[in-house]
Amino acid sequence: MRVLFIGGSGIISSACARLAVSRGIELHVLNRGVSRDRPLPDGARLVQADIRDPQSVRDALGGLTFDAVVDWVAFTPEHVHTDIELFRGRTGQYVFISSASAYQTPPARLPVVESSPLRNPFWQYSRDKIACEDLLVQVYRDKGFPATIIRPSHTYDRTLVPFDGGWTVLGRMRQGKEVVVHGDGTSLWTLTHHEDFAKAFVPLLGHPRAIGDVFHITGDDVLTWNQIAEHLAAALGVTAKLVHVPSDAIAAADPEWGAGLLGDKAHSMVFDNSKVRRLVPDFVATIPFHRGAREIVAWYDEDPARQIVDERLDKVMDDLAARFRA
């Protein structure tokens, strides 16, 4: 099977690229060739072009056709429209990577299923993903464009700290400083290791029953935000000092941080993965976050140059902790 990844060196796509190659897929990866953190696996074929320059893509691909094309870096309807024009008639499947943050926020019921409503009035990123999905549903219905929509939730690898600020939060823990946790820290959150995501995703490539359909792919490791913080602290060998701050107060202090909370992380999100398991019956997520937390800390400790503190956000956290300290 011949597959094209647009992107392929991101958190989620890198794990999928490795698994695809290991399973004998002829993988072509179209990107600008500038990533160093996640190099392409041996056996993947680099197609060096810029997806935002359609003519460069046509020139680089020549007459190649594909069983599946996956765009990991499409975020707006304009991006998707370009893909439709580029790949209509030259792929058996087009896979759009949407987001579980597109689901109704806050959710009316749990667990979330694929038929749950899509509505997020808080986060433009999510509304753009919904608009992309609407476009693909239309072209599938009207013209038979072979779209599959995938909605990841919070998927991480060793480079991604689940809290805003990245290393800033881990650095605060290591220094014995307080860490801000939104709400009372008891809302439920689903974290998915990127290798677990790949186990469900790769078998959907070229799967005829996935055409015209939508699937979310998440792990089953459901934790409170307090527990997430505590697992990271344990991996650091320290005890977390948590300060609970209302999400509205965080949004008032830092609108960008707040948008991701009010539009996503502040609300409990638990998912029913039975739909994807009907097509991939052996999918089992096996990497719990306490193990993932150790991978994250080890990666940052391997190279102190990675331990970058966001000074502005660190100051915001100091101010919030002082205001809401018990």
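Why does Trp299 count as buried? Its relative accessibility is 9%, so Trp299 falls in the buried class, defined as under 20% relative accessible area, with exposed over 50% and partly exposed in between (1.4 Å probe, protein chains only). The model is predicted: local features need pLDDT of at least 70, side-chain atom pairs count only at pLDDT 80 or more, and totals for chains, interfaces and linings use all residues. Residues are numbered from 1 along each chain as its sequence is written, and side-chain values use heavy atoms, with hydrogens and water left out.

Rings of Phe, Tyr and Trp (its six-membered ring) pair if their centres lie within 6.5 Å; planes under 30 degrees apart are stacked, over 60 edge-to-face, and the rest tilted. Phe197 and Phe201 form a stacked pair, with 5.7 Å centre to centre and 25° between the planes. Both residues belong to helix α6 (residues 194–201). They sit four residues apart, about one turn of the helix. Helices (H or I, at least four residues) and strands (E, at least two) are DSSP runs, numbered from the N terminus. Phe197 and Phe201 are both buried.

Trp299 and Tyr300 have ring centres 5.0 Å apart and planes at 85°, so this pair is edge-to-face. Tyr300 is buried, with a relative accessible area of 6%. Ring pairs also join Phe5, Trp72, Phe197 and Phe201 into a cluster. Lys275 lies over the face of Phe215, 5.2 Å from the ring centre. The criterion is NZ of Lys or CZ of Arg within 6 Å of the ring centre and within 35 degrees of the ring normal.

Two cavities of 30 Å³ or more are present. A cavity is a set of points, on a 1 Å grid over the protein atoms alone, where a 1.4 Å probe fits but cannot get out; lining residues have an atom within 4 Å of a point. The largest cavity has a volume of about 110 Å³. Of its 14 lining residues, Phe163, Asp164, Val180, His182 and Trp257 are the closest to the centre. Strand β8 (179–182) and helix α9 (255–265) each give two or more residues to this lining. The largest share, four residues, comes from β8. The lining divides into eleven nonpolar, one polar and two charged residues.

The second largest cavity has a volume of about 30 Å³. Its lining includes Ala100, Tyr103, Asp264 and His267.

Technical notes
On a 1 Å grid over the protein atoms alone, a cavity is a set of points where a 1.4 Å probe fits but cannot get out, and a pocket is an open set with protein on both sides within 12 Å along at least five of seven lines; lining residues have an atom within 4 Å of a point. Grid points are joined across faces, edges and corners, and a volume is the space filled by probe spheres set on the points. Ala, Val, Leu, Ile, Met, Phe, Trp, Tyr, Cys and Pro count as nonpolar, Asp, Glu, Lys and Arg as charged, and the others, Gly among them, as polar.
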